[in-house]
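This report covers the packing of one protein chain.

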Amino acid sequence: MSAGPAAGRERFPAADWLGWRDALDQILSRCEALPTERVEASGALGAAVAEDVKAAVFHPPWDNSAMDGFAVHAEDVRGATADNPITLPISDDIPAGCFPSGPLPRGTVARVMTGAPVPEGATGVVRVEHTDDSRNGEITFFQESDAKRNIRRRGEDIQAGDTVLRVGDPVTPAAIGVLAMQGMRNLVVRRRPRVGVMSNGNELADFDEVAEVRAGRRIMNSNGHALAAQLVTAGAEPVMLGIARDDAEDVRRRLERAADCDAVISSAGVSVGDHDQVKAALDDMGMQRVFWRVRIRPGSPLTFGLLGGRPFWGLPGNPVSAMVTFEVFLRPAIRKMAGHREPEVPRIRARARKAISSSADLTHFYRVTLSRVAGDLPEVELTGPQGSGILTSMSAADGLLVVPEGVSEIPAGAIVDVIPIPGDWL
Ligand code: AMP
Ligand code: MG
């Protein structure tokens, strides 16, 4: 691991490149959960709960009806059928938002709407469809099947004191609903990681120089924008550091702007064959390199280290490599920093539609689509050409098909593992 980048030119892959699992372990062991903060739940979507939340109130708060109908004593409607209807007087009328006037007197029924409290003593709510209310102040029952049903008991969902959210749970829309149900506007989460995003290269331009791109003299800094968006989908806050020219002083100036960031991503400029200025600036700033290449494709020229004690990723410049290494190495790290219980996104099992051949010396992450198949696992298919500069292979992809080292052929129909690419739904 201590060998310099030049060693990589001798053999491919070189003996000191890490396998991807080892590389991820090295990264995760150096990423700590960030401090906690109390925030409004409405702005915390995607963050991780950092303090258990205990319920303050019962839900539902009272025994209530699951139907529009009539609260009854079961004995009073026993044996009711179409041929043997039973008619009883209505002693109470309870719309939603009102309370019963008292316990249900025997031999009477109470009209009750869905969600409204049922009177004490009632054993069930007979749905309105099984009754006839044509008589004045009386109701006729044709069935007894609901006589002991359709009451939602107080606290059957949540009891005061129950733990409703646990440390490490994601703040989902449903979690926000549970908090709101409890009258809780705020909760304690881990702070969102602030992550600096720097691009490198004299060939790059951004939107302020788009004319240069249209004229065919530069290429757009697409990595900066794609990586920032990936950070957002991972629950992090991107801090744009712009494009560093191949100039040590420029690199240093931009990295200094990341002083209040929790981590930094730099794309291009720190791998084999890159301009020395970037590496020189990093060395000069005291970057401690942990590893510098990984046995994967795309994305083998991935550098990871600590810069000022904070995680620093030197991602490859090729647009696909940058995005794939983000999904494989950055997303889990950011999730760990943000306090999620499971750093890695659960994989999807799928079936290969066609045979896929791979090279056994590296773990491959192929860009694939997932299609639903009735009664079977989803089917995966390559998005098309898999070159590391083909960004549309990524934009068309639903996930990354993992073909581990040592596997040179996936037969058609084989069951495979796919890392889903979150983003569609945020
Ligand atoms: P490098 O890692 O500098 O050798 O770059 C590899 C390839 O990625 C080259 O074709 C670069 O032009 C391209 N590249 C580097 N940085 C970016 C970026 N920020 N956006 C888009 N392409 C990039
Ligand atoms: Mg470059």
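## Contacts of Trp 313

Leaving aside residues up to four places away in sequence, Trp 313 touches Ile 27, Cys 31, Ala 263, Val 264, Ile 265, Ser 266, Leu 302, Thr 303, Phe 304, Phe 329, Leu 330 and Ala 333; contact means heavy atoms within 4.5 Å.

The model is predicted: local features need pLDDT of at least 70, side-chain atom pairs count only at pLDDT 80 or more, and totals for chains, interfaces and linings use all residues. Residues are numbered from 1 along each chain as its sequence is written, chains are lettered from A and ligands numbered from 1 in the order in which they are written, and side-chain values use heavy atoms, with hydrogens and water left out.

Buried means under 20% relative accessible area, with a 1.4 Å probe and protein chains only.

## Helix α1

Trp 20, Ala 23, Leu 24, Ile 27 and Leu 28 are buried in α1. Seen down the helix axis, the buried residues of α1 fall within an arc of 130 degrees, so they line one face of the helix; the arc is that of the directions from the axis to the C-beta atoms. The partners against which these buried residues pack include β18, β21, α8 and β24 (363–371).

## Cavity

A search of the whole structure finds one cavity of 30 Å³ or more. On a 1 Å grid over the protein atoms alone, a cavity is a set of points where a 1.4 Å probe fits but cannot get out, and lining residues have an atom within 4 Å of a point. The largest cavity has a volume of about 100 Å³, the volume being the space filled by probe spheres set on the points, which are joined across faces, edges and corners. Its lining includes Trp 20, Leu 24, Glu 327, Arg 331 and Ile 419. α8 gives the most to this lining, with four residues.

## Domains

Domain bounds come from an automatic or database domain assignment. Besides domains 1 and 4, the assignment gives domain 2 (38–59 + 166–190) and domain 3 (64–152). The centres of domain 1 and domain 3, taken over C-alpha atoms, are separated by 67 Å.

Methods. Buried means under 20% relative accessible area, exposed over 50%, partly exposed in between (1.4 Å probe, protein chains only). Helices (H or I, at least four residues) and strands (E, at least two) are DSSP runs, numbered from the N terminus. On a 1 Å grid over the protein atoms alone, a cavity is a set of points where a 1.4 Å probe fits but cannot get out, and a pocket is an open set with protein on both sides within 12 Å along at least five of seven lines; lining residues have an atom within 4 Å of a point.
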